[in-house]
Amino acid sequence: MENGQVQNVLIVGVGGQGVLTASDILASVCLASGYDVKKSEVHGMAKRGGVVYTHVRYGRKVLSPLIEPGASDVLLAFEPAEALRWSKYLKPGGTLITNLGQRVPPASCLDRRPQAAVCYPQEIQRSLRQQRGDVRALDAESLATELGNPKVSNTVLLGVLSNVCEFSAEDWTNAIERSVKPQAREVNRRAFLAGRNLQFPAAEEEPAAAPAQEAAASLAIADIEIRETWCKGCEICVVVCPQNCLKMNDARKAVVADASSCIRCMLCEWLCPDLAVNVH
Amino acid sequence: MAIDNAVATRVLLSGNEAIARGAMESGIRVATGYPGTPSTEILETLAHIDTEGYVAWSPNEKVALDVGVGGALAGSRTLVTMKHVGLNVAADTLMSVAYTGVRAALVIVCADDPGVHSSQNEQDNRIYARFAAIPLLEPSDSQEAKDFVGQACEISERFDTPVILRTTTRLSHSKGMVEMGEVVAAPAKTYQREPSKYVLVPSNARVRHEKVLERLAQLEEFSEQTPLNRWEKGSASVGVITSGVCYQYVKEVLPEASVLKLGFTYPLPMQTVREFAASVERLFVVEELEPVLEDQCKAGGIAVEGKTFFSRLGELTPERVKEGFQKAGVLSAPPPPTEASKLPVSQNLFRPPALCPGCPHTIPYLVLKKMNALVVGDIGCYTLAVYEPLAAIETTLAMGCSIGMAIGLQKGGATSRPVVATIGDSTFFHSGIPPLIDAVYNGARITVLILDNHTTAMTGGQDHAGTGHNLRGEISRTIEIAKVCKALGVEQVQVVDPYDVPAVFRTLKAAVSHDGVSVVITNRPCVVSPAPIRSAPYEVAAPACNACQKCMNLGCPSITWTDEFHEGQHKVTIDPGTCIGCAVCALLCPTEAIVPLPDVSAGRSQ
């Protein structure tokens, strides 16, 4: 790094993945090497399974704690969809390090039409490969699991990062040891080396193009038939329906509230003790 | 953390940690507050590093400030911390303590949240300083955050006034290098009886208001002289007036410009501003949120440009400051993107924050949705039940609003649906008790669901009056919510385990059919704090899964779809790495397809 320049590392991922811990380790390595450091992150509501990011900047003198889009020397992503989200921050020719283990949020699994696709960027590996410059993609969880603890995947990623930032391996391992419990030091040391020893570009084959996703079929509205005279008002069908299609009327009989959201799971028909419900 | 006794060493501290260190260095002896992002870590850090003073959570910000005023009158330097919206709660006390003045220093740290990272609005609390006619300090990095606490104490004592130290999310949660100072004992003072000053009956208040204006004039003079305001001479063509973290962005984007860097922003040094304005050709104000500095300059007849180029919305960033100067013609427009610099378009995934795997708040909301209740929400983790698939909450406004709004919704005749206010334990202690009194007193027909997880979860797990521990972790008296409700005259108070799905259903049904105020309390601890709760994870026996989607209705981050279908619907799978084994999904599963993972060490064995 030239004198007066500031090095920018953006670390992104999902709440709970250890993004903030990784950035603390990086910052303490920078500090140990005598640099000025600034680091900026989010806490609070944003952390609960949401998007987490932390900006780390180091150099002789750092002013802004934030990195501008297109100015990050390194983008370290703990999750591939997050790598895509933040890729505009990467400097042309910068280094993208990304974990390939996907975290699919509950909000991606809402479409209940038949054959609906998970709402998650398709062909994500191909998109990542299209990024210009230096892309280092790996399955950190698998490597960590091989080492005996899936939780050290963030240390594997720091090992990959250590080849991009100019600090010595010793500075890194010291910083990592300071941040983990004594009994976890050995596995973290091995995880760091596993990441550090990976070769990029990996001799991977271009995976075959994913089959075109079949469009979700729209669902013909179900005809839910409830025989009023057979229904004794036990409410089982109402409680069991995952789509809230049924309700109790004032006469304590089950009636259809909204047939349009029925996904034909058939639970009401199967579980009705009076055989009063039929889904057509 | 090496910030407790280090002197003259450089340490990497967040703005909040730096404020705590500043409090310690300037001899703060009383520190109170209520947790609120982004202010929470100040008191947590102080309690950790300063083992002698009184450092405590109060049930809400107004009480915290009242305690703080008392501490200052007793002669102890005092720090009170809160988030921006917390100052609304404490505003009643603030407006009057501005009249009475203080004896020892009273520093109010208020943490604004431009960009609404973790709040319900992005109000600009600098306006409070002007409203109350008290001084306002705005640090721009961690070093200043620490140093300004001491400065604020001195200003507070010299001018007999409370002082607002305003930080923002970006400052509070950014770490920077801090040079430590020495820890000095504050000048010893004692309580002094002075009713004409401290009893605001109208005859005294009128006199005190005059004193406030006299003080303001003295503060204006001080503002011209203090080194907290700094004129950095640069190019004569462009001058920038700025404060807080925006100063860093301006220096980064326009390193050549002349800068009037304001650390003491109310009252403004108008004479200095005039001279600065006369020394440059074009004058800009770069500030986040409201045009507070800009309006004061304009009211003083100084031509400045500001909000035309730097938005009132959201947080500023180096990028947005640069764009503003490009729009103003100060910086040349960016070159059109070349083919090589174009990046592939990101396919942005919607990833809202979600309730944690095993969160005890999940089931009550699932049940309320099933009951078609009109759910009035409040402030806390449970606000996340607004997102699909739970999508149960219909309103969330401010701390403690749920119960009062529920009364109004019921009395106003909004609906024939059951009206249920849902509020957390800490929020209930904060501001849920007076509206519950209203409900009982005025005969409302509502249900109040108190989600008691024995912590202040959203802000990271702080203790409160119901947890049995204080901020220092010492044993304290526990105030029992059920007893409070009964004492207030609530006839039907039921306690239920939120993991027991049928019991939650039965209890809530009984509660909403009660003719009057009913209270249901769920009593499971947060799965994250004070200690993570984990038992053996569960897995899905795929052949048995009939893809009914009942478990997916929980919105549990550990459960997701597989590529395998059953009659058009995705089957599900559980991530053993994040599943905490709460077994709620197994309880819901009609085909008993969700079972404990046989051997944890074997991992994904099937």
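**View 1. Surroundings of Val107(B) in the predicted model.** In this predicted model, the contacts of Val107(B), once neighbours within four places in sequence are left aside, are Leu79(B), Val149(B), Ala152(B), Cys153(B), Ser156(B), Val163(B) and Leu165(B).

**View 2. The open sheet of 4 strands in chain B.** The strands of this sheet follow the order β9-β11-β10-β13 in chain B, and their pairing is mixed. At the edges stand β9 (229-232) and β13 (282-286) of chain B, each of which pairs on one side only. From one strand to the next, the twist averages 15 degrees. Within the sheet, β10 (residues 235-243) and β11 (residues 257-262) of chain B are paired in the parallel sense over 6 bridges, and Ser235(B) is found opposite Ala257(B), a residue of β11(B).

**View 3. Helix α11 of chain B against the strands.** Helix α11 of chain B, which spans residues 270-279, lies across β9, β10, β11 and β13 of chain B. Relative to β10(B), the helix α11(B) runs at about 150 degrees. These four strands are the ones that make up the open sheet with the order β9-β11-β10-β13 in chain B.

**View 4. The open sheet of 6 strands in chain B.** Parallel pairing joins the strands of this sheet, whose order is β15-β14-β16-β17-β19-β18 in chain B. Because β15 (393-395) and β18 (492-496) of chain B each have a single partner strand, one side of each is left without a neighbour in the sheet. With direction ignored, neighbouring strands here are turned against each other by 30 degrees on average. Inside the sheet, β16 (residues 419-424) and β17 (residues 447-451) of chain B pair in the parallel sense over 5 bridges, and Thr422(B) has Leu449(B) of β17(B) as its bridge partner.

**View 5. The two domains of chain A.** Chain A is divided into domain 1, covering residues 6-196, and domain 2, covering residues 224-279. Between the C-alpha centres of domain 1 and domain 2 of chain A the distance is 49 Å.

Note on methods
Residues numbered from 1 in each chain as written. Chains lettered and ligands numbered in written order. Predicted model: local features only at pLDDT ≥ 70, side-chain atom pairs only at ≥ 80, totals over all residues. Pairing = 2+ DSSP bridges. Helix = DSSP H or I, 4+ residues; strand = E, 2+ residues; numbered from the N terminus. Axes fitted to C-alpha atoms, helices over the stretch in contact; angles between N-to-C directions. Contact = placed C-beta atoms within 7 Å. Domains from an automatic or database assignment.
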